[in-house]
Amino acid sequence: MRIATFCLAVLLTLAGAVHAATPAKLDFPENAFNGGNTDPVWSIELKREDVGLVRYSLSSPRGVLLAAGTLKSVAPVLKLPVFGELKGEYGLAGTATIQQRSRPMQVLVGPSRAGAPCQDVRGKKYAQAVFIAIGDASDPDKLYYGCGEYRKP
């Protein structure tokens with residue numbers, strides 16, 4: 001419960017990072033994206049496979065794989081009852097199978113707010129913010145907020 005409360009507090013504090021994102025794009029960039037956070041510890045890697053198709057790998061502490069698969073590019077909007085409508089630069093949606101249970105998964109990646117870069121709990125600053133919602137969009141089972149960067153070509 002503490003982790004969920006912390007995540008919600010971080011989301012409420014930093015949700016503005018994605019609200020002011022640049023115009024929408026429906027195809028993920030060629031450069032892979034690595035993101036995550038350190039409290040709670042999680043990470044995600046996103047790699048474009050084809051037009052509109054991205055391979056993801058979601059891991060928990062110590063690199064234990066939680067879920068992996070493909071997501072499709074969608075409008076970069078994440079509607080959550082508590083936070084309203086978040087807009088980003090890239091939106092992805094598909095299914096995550098976690099503990100043998102398939103759940104809807106949505107990912108939103110967008111630039112940090114001008115003058116307020118995304119920061120992990122250790123204070124490291126990043127140019128991008130990432131939100132992940134797993135479960136029904138009206139009441140997700142899991143919400144993750146973190147920061148990340150696109151790999152250099």
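User: Hi! Which residues is Leu46 in contact with, leaving aside its neighbours within four places in sequence?

Analyst: Hello! This is a predicted model. In it, Leu46 is in contact with Phe28, Ala32, Phe33, Val54, Arg55, Tyr56, Leu92, Val107 and Val109, once neighbours within four places in sequence are set aside.

User: Nice. And which residues of the largest nonpolar core touch the most other members?

Analyst: Those are Phe28, Leu46, Met105, Val107, Val109 and Ile132, out of 21 residues in that core. The strands that each supply at least two residues of this core are E2 (41-50), E3 (53-59), E4, E7, E8, E11 (128-134) and E12. Apart from it lies another core, of 13 residues, with Leu78, Phe83, Leu86 and Ala133 among them.

User: OK, switching to Ser73. Where is its place, and is Ser73 buried or exposed?

Analyst: Ser73 sits in strand E4. Ser73 counts as buried because its relative accessible area is 18%, and the cut-off for buried is under 20%.

User: What is Ser73 in contact with, beyond four places in sequence?

Analyst: The contacts of Ser73 at that separation are Leu26, Asp27, Phe28, Gly52, Gly91 and Leu92. Leu92 is also the bridge partner of Ser73 in E7.

User: How many bridges join E4 to E7?

Analyst: Four, between E4 (residues 65-74) and E7 (residues 90-98), and the two strands run antiparallel.

User: And what about E7 with E8: how many bridges there?

Analyst: Nine bridges join E7 to E8, and this pair is antiparallel as well. Thr97, for instance, stands opposite Ser102 in E8. The hairpin of E7 and E8 has two residues between the strands, and in that hairpin Gln99 takes a positive phi near 50°.

User: Good to know. New topic, pockets: how much space lies in the second largest pocket?

Analyst: The second largest pocket holds about 230 Å³ of space.

User: Which residues line the second largest pocket?

Analyst: Its lining consists of Leu66, Ile98, Gln99, Arg101, Arg103, Ile134, Asp141, Lys142 and Tyr144.

User: Last one: what is the lining of the second largest pocket like by class?

Analyst: There are four nonpolar, one polar and four charged residues in the lining of the second largest pocket.

Notes:
Residues are numbered from 1 along each chain as its sequence is written. This is a predicted model: local features need pLDDT of at least 70, side-chain atom pairs count only at pLDDT 80 or more; totals for chains, interfaces and linings use all residues. Side-chain values use heavy atoms; hydrogens and water are left out. On a 1 Å grid over the protein atoms alone, a cavity is a set of points where a 1.4 Å probe fits but cannot get out, and a pocket is an open set with protein on both sides within 12 Å along at least five of seven lines; lining residues have an atom within 4 Å of a point. Grid points are joined across faces, edges and corners, and a volume is the space filled by probe spheres set on the points. Ala, Val, Leu, Ile, Met, Phe, Trp, Tyr, Cys and Pro count as nonpolar, Asp, Glu, Lys and Arg as charged, and the others, Gly among them, as polar. Two strands pair if DSSP finds at least two bridges between them. A nonpolar core is a set of buried Ala, Val, Leu, Ile, Met, Phe, Trp, Tyr and Cys residues joined through side-chain atoms within 4.5 Å. Buried means under 20% relative accessible area, exposed over 50%, partly exposed in between (1.4 Å probe, protein chains only). Contact means heavy atoms within 4.5 Å.
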